[in-house]
Amino acid sequence: MKVLVFISTLWCAFTSIHAISAMPSSQLFVAEKTAQGVKVKAITSDDSYHNQPLTTDNGVYFTKELSTQEGSQTDLFFYDFTTQQTRNLTNSPVSEYSPTLYPHDDGLSTIVVESTGKQRLWFYPFDSARKATPLLAHIDPVGYHVWGAQQDVMLFVLGTPHELHFTDTNGHLPKLVAKDIDRSLAFNKAKQVYSFTYNKNNQLWLATYSPKTELVTSHFVLPKPVRDYTWLDDDTVAYAVNNRIYMRSITSPKAVSQWMNLTQYCKTQVTRLSHRAGKVAFVCKKR
């Protein structure tokens, strides 16, 4: 993989949901089931903010906080399963968050905090000879995003409350899907639905949105303090309660079972998960 081009003209503005003046330290692990139990490997240290993992066939993309003379910022990193090495992909003076594989070109889409204070979606090509460019430049502030099957994308738009917007790269105006949403977004390719979480009556619900029918379906309430989940297969999501991961079907939500016990590796709380091909990257709070 080629190193990503970085943006030299931007400077980080710490005025967003991702404000990094006091980012909590956390550590990233990768776990997988084996015949002997659960195999777990730490892929980062615990001395900084390591978060927002994206597990792929070849490795894990993630966000890491770095200290500079001017303060702190975040870059995008990649841990390679084959070499077991980690490298900084962006290495820029601007803060990037939430790395996501861009489905329409060879590179990553990411949230960038720009020098103007805007927080927008950008494309960072893997080819270092190409420049990074903003995507959907007319929409901000964006906190998180996930791509769908065609040219469509779902956006977490910051506000009071935060909103879920559905749009595409063809220039159509965004459609408001839900309000008072939380940070966890995903796309279920088999079912052709987006999944997200939203707050109702002081409870966090897992829901799906169908671009075809334009309908939102609420499935079940997530247990406190869960905020994140990951898809294990077409019908099953996984989430962590403290330091144990549970599986739950969206069609039979009463069927809940423990998938992994990570107590030995994470003494505090597992806060985020990303699953792909039997491997799950998870974030463990330092304290």
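# Exercises on Strands, a Core and a Disulfide

In strand S10, threonine 133 is the bridge partner of phenylalanine 123. The exercises below concern a predicted model.

## Exercise 1

Determine which strands make up the sheet that contains S10, and which of them stand at its edges.

**Solution.** Step 1. Begin with the pairing of S10. Strand S9 (residues 119–125) is joined to S10 by three bridges, and the two run antiparallel.

Step 1. The order is S7-S8-S9-S10, an open sheet of four strands with antiparallel pairing.

Step 2. Identify the edges. Strand S7 (95–101) and strand S10 (133–135) each have a single partner strand, so one side of each lacks a neighbour in the sheet.

Step 3. Consider the twist. From one strand to the next, the twist averages 40°.

## Exercise 2

Decide whether serine 109 is buried or exposed, and state which side chain makes a polar contact with the side chain of serine 109.

**Solution.** Step 1. Locate the residue. Serine 109 lies in strand S8 (residues 107–113).

Step 1. Apply the cut-off. A residue is buried when its relative accessible area is under 20%. The relative accessibility of serine 109 is 0%, and therefore this residue counts as buried.

Step 2. Examine the surroundings. Beyond its neighbours within four places in sequence, serine 109 is in contact with several residues, among them Tyr102, Trp122, Phe123, His145 and Trp147.

Step 3. Select the polar contact. The side chains of serine 109 and histidine 145 are joined by a polar contact of 2.7 Å.

## Exercise 3

**Solution.** Step 1. Write the strand order.

Step 1. Examine the central pair. S12 and S13 run antiparallel and are joined by six bridges. Aspartate 152 has aspartate 168 in S13 as its bridge partner.

Step 2. Turn to the core. The largest nonpolar core has 17 residues, and Met154, Leu164 and Phe196 have the most contacts inside it. Among the elements giving two or more residues to this core are strand S12 (152–157), strand S13 (163–168) and strand S16 (193–200).

## Exercise 4

Find the disulfide of the structure and explain why this disulfide is right-handed.

**Solution.** Step 1. Identify the pair. The structure holds one disulfide. It is formed by cysteine 266 and cysteine 284, whose sulfur atoms are 2.1 Å apart.

Step 1. About the S-S bond of cysteine 266 and cysteine 284 the torsion is about 90°, so the disulfide is right-handed.

Step 2. Cysteine 266 is in the loop between strand S22 (256–261) and strand S23 (270–276), while cysteine 284 is in strand S24 (residues 279–285); they are 18 residues apart. Both cysteine 266 and cysteine 284 are buried.

## Exercise 5

Classify valine 221 by its relative accessible area.

**Solution.** Step 1. Valine 221 is found in strand S18 (residues 215–221).

Step 1. Its relative accessible area is 25%, so valine 221 is partly exposed.

How values were computed. Residues are numbered from 1 along each chain as its sequence is written. This is a predicted model: local features need pLDDT of at least 70, side-chain atom pairs count only at pLDDT 80 or more; totals for chains, interfaces and linings use all residues. Side-chain values use heavy atoms; hydrogens and water are left out. Buried means under 20% relative accessible area, exposed over 50%, partly exposed in between (1.4 Å probe, protein chains only). A polar contact is a pair of N or O atoms within 3.5 Å; within protein, one must be able to donate a hydrogen and the other to accept it, and residues adjacent in sequence count only if both atoms are side-chain atoms. Contact means heavy atoms within 4.5 Å. A disulfide is a pair of cysteine sulfur atoms within 2.5 Å. A nonpolar core is a set of buried Ala, Val, Leu, Ile, Met, Phe, Trp, Tyr and Cys residues joined through side-chain atoms within 4.5 Å. Two strands pair if DSSP finds at least two bridges between them. Axes are lines fitted to C-alpha atoms, for helices over the stretch in contact, and angles run from 0 to 180 degrees between N-to-C directions.
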